[in-house]
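Please read these comments with the model open beside you. They are arranged as numbered points, each on one topic.

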Amino acid sequence: MKKIKKLLVANRGEIALRIMRSAREMGIKTVAVYSEADRQALHVRFADEAICIGPPPSAQSYLVMEKIIAAAKQTGADAIHPGYGFLSENEDFAALVRKEGFIFIGPSPESIELMGSKLAAKAAVAKFNVPLVPGTSEPISDLAKAKKIATEIGYPILIKASAGGGGKGMRIVDAEPDFETQMDRAVSEAKSAFGDGSVFIEKYVTQPRHIEFQIFGDQHGNVVHLFERECSVQRRHQKVIEEAPSSVLTPALRKKMGEAAVNVAKAANYYNAGTVEFIVDENLNFYFLEMNTRLQVEHPVTEEITGLDLVKLQILIAEGEKLPFKQEDLKINGHAIEVRVYAEDPANNFLPDIGTLKTYIRPQGHGIRVDDGFEQGMAVPFYYDPMIAKMICHDSTRERAITKTIRAIDEYTITGLETTLSFCRFVLKHEAFTSGNFDTKFVEKYFKPELLRAQQDETEELLAALLATLPTEKVAQVAAIESTPVSNWKKNRT
Ligand code: MV4
């Protein structure tokens, strides 16, 4: 048991701030690291100390292990939290942190490495009775043999890179004549992207739901799950809206999947926070896909429904404490929805829209949480992920959480750049979403940029019609309000 006194956060933006807030509440001093592009960033201002670690590109700053270690030594930190992205799932970093005598807030390097190989992960969990998608358990090398297996499984099949994950390096094969070309492509992509050309085959589940379980383990062998998050609304493997709990799980299925998730963690001798990713088909069969060995972007929805602070838990576990609760102590309270606010233009193929936050006014009220790293007047740097904020709404039921989220989107006022808020509003109002009858194909099936434009035009028409009924002096008043920066008619009421 070693109490952490000073924590270095090897990350930036909203997650760096979010981690430091919990550390401060625990009486732990905080150290920020930052690139030259982040001198004015909020995580730097919030921290007790801050060290510049290099030029803006992350390959020269946030991704350089030696610079992080040097900053930790210089400031006398005793622990390092990697956040998500950057070095968070790099087993060499986790090992180096430990070798240099610091506490790594996360799992062991061995667990990270095991889950980094999709084939090794599948082999490990298979022994623990975790359902897997039908497919090969070894890398495929012999083309004739691979084709034979694919025929046995039945087309369509998916070729995946063992070193891949998060959708990188996947190839769908609809029928046998395409097999060879797709396999060649998959292998060469995997070689160039990961330096490892191993690929394997799985049955392609065509319209799955993506449901992931938050798990937590301590260093004494105890593992629990903190229920699921439904993350099916995504585009090109980037999640857009996440919620907890999922509207399709019955208590019985939740229990079964939760037990499978705990078994995945046990198969990896896992400790600290992790996420076990499943796909669920239309008959509610579920299959393990992969495990993410970090705190995830969408962890706040789990915090809202469990009342737990996951970062504080991560720190306690890294100090060697036992999990302070048992599975049966945990229960779901209400419903939480997270929308991700990206500096992207949904009407223009989600092109990054980097610029300055001319107006930035957060929504307020009971059950609304905004995790961000920006203030009005700040610029969104183009070197990093264009996520501006995560807005999380919590209420007693799914229906109420949806209503609250739409109200909060309408209140959220951002000018100076386009954001994905209007797109999130479109999703939340869609019948497929409100009914709960959707899968990972939601965006492809229902979204067209014209629909946003049509909604926007309608709003403007309504406004014009309203103005036409008013006397001239009122019109002038409305026009004056319209042109003030706080008006969000155009930005958000689409
Ligand atoms: C699949 C699949 C269908 N069948 N595997 C994408 C992310 C990576 N974790 C694995 N992914 C998928 N694997 C089989 N056998 C569909 C996906 C998939 C997906 C999964 C979760 C969330 C969004 C997704 C979007 C497209 C495809």
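The points below begin with the conventions and then turn to the domains, the ligand and selected local features.

1. Conventions. This is a predicted model, in which local features need pLDDT of at least 70 and side-chain atom pairs count only at pLDDT 80 or more, whereas totals for chains, interfaces and linings use all residues. Residues are numbered from 1 along each chain as its sequence is written, and side-chain values use heavy atoms, with hydrogens and water left out.

2. Domains. The protein chain is divided into domain 1 (6–105), domain 2 (143–203) and domain 3 (209–446), with bounds that come from an automatic or database domain assignment. The centres of domain 1 and domain 3, taken over C-alpha atoms, are separated by 23 Å. To their contact (heavy atoms within 4.5 Å), domain 1 gives 34 residues and domain 3 gives 30 residues.

3. From Glu202, a polar side-chain atom lies 2.8 Å from a nitrogen atom of the ligand, while from Lys203 a backbone N or O atom lies 2.7 Å from a ligand nitrogen atom. Val205 likewise has a polar backbone atom, 2.9 Å from a nitrogen atom of the ligand. Taken alone, the ligand exposes 510 Å², of which the protein buries 92%; these accessible areas come from the Shrake-Rupley method with a 1.4 Å probe.

4. His225. This residue is found in strand 10 (residues 223–235). With a relative accessible area of 7%, His225 is buried; buried means under 20% relative accessible area, exposed over 50% and partly exposed in between (1.4 Å probe, protein chains only). A polar atom of the His225 side chain lies 3.1 Å from the backbone nitrogen of Phe227. Leaving aside neighbours within four places in sequence, the residues in contact with His225 include Phe213, Ile215, Glu259, Val262 and Leu330.

5. Helix 11 (residues 310–318) is mostly covered, since seven of its nine residues are buried, among them Leu313, Gln314 and Ile317. Asp309 caps the N-terminal end of helix 11, with a side-chain oxygen 3.0 Å from the backbone nitrogen of Val311, and just after the helix Gly320 takes a positive phi of about 105°. Leu452, in helix 16 (residues 449–468), is buried as well, with a relative accessible area of 2%. Leu452 and Ala347 are 105 residues apart in sequence and 6.6 Å apart in space, C-alpha to C-alpha.

6. Backbone geometry to check. Most residues other than glycine have a negative phi, and most peptide bonds are trans. A cis peptide bond joins Tyr155 and Pro156, with omega about -5°, and Pro156 is in the loop between helix 7 (143–153) and strand 6. The bond from Ala244 to Pro245 is also cis, with omega near -5°, and Pro245 lies in the loop between strand 11 (238–244) and helix 9 (251–267). Phe86 has a positive phi near 40° and, at 27% relative accessibility, counts as partly exposed. Asn129 has a positive phi of about 60°, lies in the loop between helix 6 (118–126) and helix 7, and is exposed, with a relative accessible area of 74%.

Methods
Helix = DSSP H or I, 4+ residues; strand = E, 2+ residues; numbered from the N terminus. Polar contact = N/O pair within 3.5 Å; in protein donor to acceptor, adjacent residues only side chain to side chain.
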